[in-house]
Amino acid sequence: MIGVLINVGTVIIGSLLGVLLKKGIPEKVANAVMTAVGLCVIYIGVSGALKGQNALVLILSMAFGTALGSIVDIDGALERFALFVEKKFQPKDGRTLSLAQGFTTASLLFCVGAMSILGSFDAGLKGDYQILITKSILDFFSAFMLATTLGIGVIFSAVVIFVYQGALTLGAGLLQNVLTDTALIGEITCAGSLMILAIGLNMLGITKIKVANLLPAILFVPLFYWLIGFLPI
């Protein structure tokens with residue numbers, strides 16, 4: 001839970017600073033910082049992707065997983081939910097509800113995404129906090145910028161982060177005794193890291209990959225890993 005607590009702490013600190021410094025920071029500084037963090041995310045994605053040993057497992061898992069994610073349209077569902085929540089709390093007279101809007105907007109931003117899921121999974125399964133710490137840095141700046149415009153409501157999203165990512169981390173930890181094959185864990189890390197790489201590319205504006213639609217690939221990795229293991233290749 002260390003990674004989750006760090007994430008919660010950065011959101012709280014970022015939100016408090018944002019409320020205190022209403023004028024925010026220069027746009028060019030914010031863009032430069034986010035670009036630098038985006039490059040770091042790409043580095044993490046590339047280094048993790050190199051942990052895979054079987055390209056066939058990766059290719060089949062990504063192909064079938066992305067197909068399933070696209071058919072179900074996970075990305076679209078998340079976007080529709082976000083729009084629903086936004087309309088739900090938007091006052092009819094056009095005023096801004098800083099607490100409600102800040103809370104819902106920040107909660108969706110911080111909890112709906114591949115880094116939240118994969119980071120919690122890595123923390124619970126392997127005790128690796130790298131993804132969650134990177135996410136914490138991103139969330140710090142995001143919380144700061146959101147709080148300057150949406151107010152103190154952003155800070156309450158820390159509760160959602162604790163419950164949501166905490167549950168994912170503890171749940172993954174329960175699988176540690178089941179997933180004892182280090183090679184399998186390497187293949188799962190490889191597939192997940194490709195998604196982290198996609199997030200970094202999106203952050204830099206190079207691509208517009210619907211990363212949420214790639215998430216089912218994680219579920220296919222163990223299947224193809226075991227199936228290919230029985231093949232005489």
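In what follows, Ala, Val, Leu, Ile, Met, Phe, Trp, Tyr, Cys and Pro count as nonpolar, Asp, Glu, Lys and Arg as charged, and the others, Gly among them, as polar. The structure is a predicted model, in which local features need pLDDT of at least 70 and side-chain atom pairs count only at pLDDT 80 or more, while totals for chains, interfaces and linings use all residues. Residues are numbered from 1 along each chain as its sequence is written, and side-chain values use heavy atoms, with hydrogens and water left out.

On a 1 Å grid over the protein atoms alone, a cavity is a set of points where a 1.4 Å probe fits but cannot get out; a pocket is an open set with protein on both sides within 12 Å along at least five of seven lines, and lining residues have an atom within 4 Å of a point. Grid points are joined across faces, edges and corners, and a volume is the space filled by probe spheres set on the points. Helices (H or I, at least four residues) are DSSP runs, numbered from the N terminus.

Searching the whole structure gives two cavities of 30 Å³ or more. The largest cavity holds about 80 Å³ of space. Its lining draws at least two residues from each of helix H2 (27-49), H6, helix H7 (130-150) and helix H9 (182-203). Among the lining residues are Lys51, Asp122, Lys126 and Asp128, and by class the lining of the largest cavity has three nonpolar, five polar and four charged residues.

The second largest cavity holds about 60 Å³ and is lined by Leu118, Phe121, Asp122, Ile131, Ile188, Thr189, Gly192 and Ser193. Here H9 gives the most, with four residues. This lining comprises four nonpolar, three polar and one charged residues.

Turning to the open spaces, the second largest pocket has a volume of about 200 Å³. Two or more of its lining residues come from each of helix H6 (114-126), helix H8 (157-174) and helix H10 (217-229). H6 gives the most, with four residues. The lining of this pocket has nine nonpolar, two polar and no charged residues; Leu118, Phe121, Leu168 and Pro216 are among them.

Helix packing around H1 comes next. Axes are lines fitted to C-alpha atoms, for helices over the stretch in contact, and angles run from 0 to 180 degrees between N-to-C directions. Helix H1 (residues 2-20) packs against H8 at an angle of about 165°, with the axes 9 Å apart. H1 is therefore roughly antiparallel to H8 (angles over 145 degrees count as such, and those under 35 as roughly parallel). The crossing of H1 and H8 is right-handed, the near helix being turned clockwise from the far one by less than a right angle. In the contact (heavy atoms within 4.5 Å), H1 residues including Val4, Leu5 and Val8 meet H8 residues including Ile161, Phe162 and Gln165. By class, this contact has eight nonpolar, five polar and no charged residues.

H1 also meets H7, the axes coming within 7 Å and crossing at roughly 20°. These two helices are therefore roughly parallel to each other, and H1 passes H7 in a right-handed crossing. Contributors to the contact include Ile6, Thr10, Ile13 and Leu17 of H1, and Lys135, Asp139, Phe140 and Phe144 of H7. The contact of H1 with H7 has twelve nonpolar, eight polar and two charged residues.

Notes. Parallel < 35°, antiparallel > 145°, perpendicular 65-115°, else oblique.
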